[in-house]
Amino acid sequence: MEEIDLKQLLEMFWAKKLQIFLVVLIFMVVGLIYTMGFVTPKYTSSTTLVLASADSKETKKADTITASDITLNSKLVSTYSELVKSKNVLRQVKENLGMNIKEDAIKNNIAVTSVKDTELIQIAVTSEKPEDAAKIANEIAKVFTEKVKEIYNINNVYVVDEAEVSAAPSNINHVKDIIIFTFIGIVVAIMYVLIMNMLDTTVKTQEEIEKTFKVPVLASIPLNITEKGGRK
């Protein structure tokens with residue numbers, strides 16, 4: 001491809017402005033159709049748990065939580081995060097709710113995160129039904145708390161926020177999707193213009209002739225267009 005200066009590049013894109021606009025518009029429409037018609041809405045509900053002192057609730061003393069309690073709980077956050085998604089917990093959740101769903105399906109739609117530098121654990125559940133997402137999240141928190149008591153013989157997990165039914169899908173963002181498809185359309189349009197310019201071997205200006213053949217242009221014959229659109 002021959003060298004093109006900035007002015008020629010801008011003129012080339014300006015000459016193809018209609019084609020560029022149409023390509024971008026097509027991708028925007030495709031993005032809108034995709035996000036509104038082909039994406040299955042999924043809803044996410046989350047519950048938050050906190051790791052506290054094992055004796056704080058029973059003794060009701062403000063100074064019960066010690067430095068050793070905090071250190072122990074910080075180490076348990078990672079362990080608890082994995083325990084939430086264990087088969088033992090998920091199997092019990094499935095039985096309690098009486099849902100006809102596989103354990104792996106529940107596990108694949110669970111996200112367990114620990115809030116950095118805290119003793120908080122957030123359990124987020126995603127489902128195509130918003131009510132199911134909230135039910136599963138709350139039941140997981142309940143069963144998990146019971147399993148901790150059973151396995152560790154301590155009572156240090158408490159629910160801070162219960163999961164609520166989400167009104168808006170978590171996997172659909174119309175504005176974001178349209179922006180992404182618009183950006184793709186712009187890239188495709190630019191590639192289209194550049195490729196078409198590479199394939200175009202016609203001479204458009206006398207400067208191109210001088211640049212290509214290294215000889216000066218002595219004269220040029222203007223194109224005369226008649227009133228009826230004919231050429232002379």
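Predicted model: local features only at pLDDT ≥ 70, side-chain atom pairs only at ≥ 80, totals over all residues.
Let me begin with the strands. Strand E1, which covers residues 43-51, is joined by eight bridges to strand E3, residues 120-127, and the two run antiparallel. E1 also pairs with strand E4, residues 157-161, again in the antiparallel sense, and there the pairing is made over four bridges.

Now to the charged side chains. How many salt bridges does a search of the whole structure find? The search finds two, and I will take them in turn.

One of them is formed by glutamate 103 and arginine 91, with the closest N and O atoms 3.1 Å apart. This pair links distant parts of the chain, since glutamate 103 lies in helix H6, residues 103-108, while arginine 91 lies in helix H5, residues 87-97, and the two are 12 residues apart. Glutamate 103 has a relative accessibility of 19%, and because the cut-off for buried is under 20%, it counts as buried. Arginine 91, with a relative accessible area of 38%, is partly exposed.

The other salt bridge is between glutamate 150 and lysine 147, and here the closest N and O atoms are 3.9 Å apart. Both residues sit in helix H7, residues 130-152, and because they are three residues apart in that helix, about one helical turn separates them.

Finally, the helix contact. The axes of helix H1, residues 6-15, and helix H8, residues 174-199, come within 10 Å and cross at roughly 110°, which means that H1 is roughly perpendicular to H8. Which residues meet there? From H1 they are Leu9, Met12 and Phe13, and from H8 they are Ile190, Val193, Leu194 and Asn197. Sorted by class, this contact of H1 with H8 has six nonpolar residues, one polar residue and no charged residues.

That is where I will stop, and I am happy to take questions.

Technical notes:
Residues numbered from 1 in each chain as written. Heavy atoms only, no water. Pairing = 2+ DSSP bridges. Salt bridge = Lys/Arg side-chain N within 4 Å of Asp/Glu carboxyl O. Buried < 20%, exposed > 50% of the residue type's maximum accessible area, 1.4 Å probe, protein only. Axes fitted to C-alpha atoms, helices over the stretch in contact; angles between N-to-C directions. Parallel < 35°, antiparallel > 145°, perpendicular 65-115°, else oblique. Contact = heavy atoms within 4.5 Å. Nonpolar A, V, L, I, M, F, W, Y, C, P; charged D, E, K, R; others polar.
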